[in-house]
Amino acid sequence: MDYPKFQHHGGADGVTGSCHRYIASPDHAVLVDCGLFQGQDADHLYSLEQHQIHFDLSAVFALIVTHVHIDHIGRLPYLMAAGFKGPIYCSEPSAKLLPLVIEDALKIGFTRDSRLINQFLDTVNKQLKPLPYRQWHTILDDDQRKIRIKLQRAGHILGSAYVEVDQLDKTTGQSHRTVFSGDLGAPYAPLLPAPKSPYKADTLIIESTYGNRTHESRKDRRLKLKTAIEHALKNDGTVIIPAFSIGRTQELLYELEDLIYRGGETWQKMEIIVDSPLAAKFTDVYRELKPFWDAEAQKRLKAGRHPLSFDNLYTVNSHEEHLQTVDYLAKTGRPAIVLAASGMAAGGRVVNYLKAMLEDERHQVLFVGYQAQGTPGRAIQQYGPTHGWVELDGERRTIRAGVTTIGGYSAHADQNDLVHFVKRMKQWPRTIRLVHGDWDAREALKEKYQALGDSRHHHFNVLLPTNE
């Protein structure tokens, strides 16, 4: 079978900008994700040129969205500007979350004109085709081929999916199963069930963000979270958590509710501040989508607890209120936990907290997510322990606040999880294409897959593709 073939237009030789073209034939292709480049992967932080669609769209008849993080769907406005009018397939929760993400992306990168934004969102909503998990859906059926897709839970953020694409060549009777992992979640992540491996794959296109690392256990990371917060409480300081608006914020709120529930009086007086209108909107949608939560979360709901809307939780909405909160916490030293976007401190409200508090040792910066090369988050993470400096809004700030990183809260699978994803398939792939990872991470994971193959006398053709 000469097809399918694959081309990568982002997310192949870096961690962001995921965009993969599944070429079913010379006349039929599907895109899986179409995300923004960030950090080191971006030619320039404010460059629009890199995000333009320079590849041929004439054969592309559909877009499949694995999940709604900006590095997986942020180029959607560019894609539509380039003439894409096909269906946008995604999970049912993703269909509710996607318009919020795109609205935010439009406000930052294009326009604040609400009429234009609403026009665009109306078009997107008409093209969105939400699919239930675990059901095959035919997206093409002509004289020569039939293509079906199935979304499976990926456990990364609410609505995240990995995608099975099955192509049958009607002239030869041959079929080919491709699996696109999207971003896979770590097992035991709060709120979401862990991903289960597919039955089989001929070709697997899998992320490798943490292909060279393993995470702490949930017990260890909860202890680290508790310790970092208690350290700041002792100092009368604020814990600043640069958090991604969707996924990480809700998982942390879930864990914090439990720490408050089990903690003493000090914990029960603690203010938890979500300073991100977007995160607050996502949290509302997460609450609406309770049927998609995992068994543990359902149990807490039945016990009368409210994991995402508890008494100590405050939301900051207006910009004026945000500036007042930064000023109040910096001056008074009132113990608090602030979750503010962006997750890599590359803009957004968290930057104002860092500018006001980074040079004061009473405070703590707590990283709970991947910090890409070239972002302020990575610089603080790297140079904070030696009291180095970071540049924020063009000014150098000496890092005197405590800096802690908790790897276990990553929403990404680690090396062991990525190996198990393949190991637990009944029929292993012949070809594995490693994407969405730094070079070292991809190389390390390649070695692991090859060792796995050697141990079972199975040859994996492991490729490290590049962006085209």
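Helix H5 (residues 218-234) and helix H6 (residues 248-262) are roughly perpendicular to each other, because they pack at an angle of about 70° and angles of 65 to 115 degrees count as roughly perpendicular. This is a predicted model, in which local features need pLDDT of at least 70, side-chain atom pairs count only at pLDDT 80 or more, and totals for chains, interfaces and linings use all residues. Residues are numbered from 1 along each chain as its sequence is written, and side-chain values use heavy atoms, with hydrogens and water left out. Helices (H or I, at least four residues) and strands (E, at least two) are DSSP runs numbered from the N terminus.

**Helix H5 against helix H6**

- The axes of H5 and H6 are 11 Å apart, an axis being a line fitted to C-alpha atoms, for helices over the stretch in contact, with angles running from 0 to 180 degrees between N-to-C directions.
- Contact (heavy atoms within 4.5 Å) is made by residues including Arg-218, Leu-225 and Ile-229 of H5 and Leu-252, Tyr-254 and Arg-262 of H6.
- By class, this contact of H5 with H6 has six nonpolar, no polar and seven charged residues, where Ala, Val, Leu, Ile, Met, Phe, Trp, Tyr, Cys and Pro count as nonpolar, Asp, Glu, Lys and Arg as charged, and the others, Gly among them, as polar.

- An open sheet of seven strands runs in the order E7-E8-E9-E10-E11-E20-E21 with mixed pairing, two strands being paired if DSSP finds at least two bridges between them.
- Strand E7 (137-141) and strand E21 (461-463) stand at the edges with a single partner strand each, so one side of each is left without a neighbour in the sheet.
- Neighbouring strands of this sheet are turned by 15° against each other on average, direction ignored.
- Strand E8 (residues 145-153) pairs with strand E9 (residues 161-169) in the antiparallel sense over nine bridges, and Asp-169 in E9 is the bridge partner of Arg-145.
- Helix H13 (residues 415-423) lies across E9, E10, E11 and E20 and runs at about 165° to E11, while helix H14 (residues 439-455) lies across E11, E20 and E21 and runs at about 160° to E20.

**Residues lining the second largest pocket**

- The lining of the second largest pocket divides into eight nonpolar, seven polar and seven charged residues.
- H5 and H13 each supply at least two residues of this lining, and the largest share, four residues, comes from H13.

Terms used. Parallel < 35°, antiparallel > 145°, perpendicular 65-115°, else oblique.
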